[in-house]
Amino acid sequence: MRVTALLLALTAAGSWGVGGIMIKKGTEVVAPTTILVFQYGVGAVLVAVWILATRGAGNTLAAVERRWPLLVAILLLQLTAYVAFIVAVKHAGEGSISTPAVIAIAAAYPAVAAVLSGPMLGEALHWNDALGIALVVSGVIVTQAF
């Protein structure tokens, strides 16, 4: 299981990294809203197909009925983050910060999650978490310093 999680995490990192670069190229020829509509439209269709294929519609609808305020909050936060990311990538480059810097800064969200997990979830922050946060923050600083 550990190898599976590691491979999936590396796949996500690679996909997000390449995706950020493709978004930069994409915003040179289409508006960020076009990218958003296409991604979320196709994504919604694929998720619906997956739910139907796994016969999870009943459970999904029941969960949405019980937890809709939380799900709306998650949706708004994630959508806000993604819109901000796409627009930041569009404006990166000449006369601004570089595209890799935008991607590195946006990718610092695990450090934010680690810091907020204490007050919001009651989780303890251990030395290795603090080291990880320091590495993420250092990486963001390095992308800005040179």
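The model is a predicted one, with local features needing pLDDT of at least 70 and side-chain atom pairs pLDDT 80 or more, while totals for chains, interfaces and linings use all residues. Residues are numbered from 1 along each chain as its sequence is written, and side-chain values use heavy atoms, leaving out hydrogens and water.

This second pocket holds about 600 Å³ of space (a volume is the space filled by probe spheres set on the grid points, joined across faces, edges and corners). A pocket here is an open set of points on a 1 Å grid over the protein atoms alone, where a 1.4 Å probe fits, with protein on both sides within 12 Å along at least five of seven lines; lining residues have an atom within 4 Å of a point. Of its 17 lining residues, Tyr 40, Gly 43, Ala 44, Val 47 and Leu 75 sit closest to the centre. Helix 3 gives the most to this lining, with eleven residues (helices are DSSP runs of H or I, at least four residues, numbered from the N terminus).

As for the largest pocket, about 1,200 Å³ of space lies in it. Its lining counts 34 residues, with Trp 16, Gln 78, Ala 81, Ala 106 and Tyr 109 nearest the centre. Helix 3 again gives the most, with eleven residues, and the lining divides into 26 nonpolar, eight polar and no charged.

Definitions and conventions. Helix = DSSP H or I, 4+ residues; strand = E, 2+ residues; numbered from the N terminus. Nonpolar A, V, L, I, M, F, W, Y, C, P; charged D, E, K, R; others polar.
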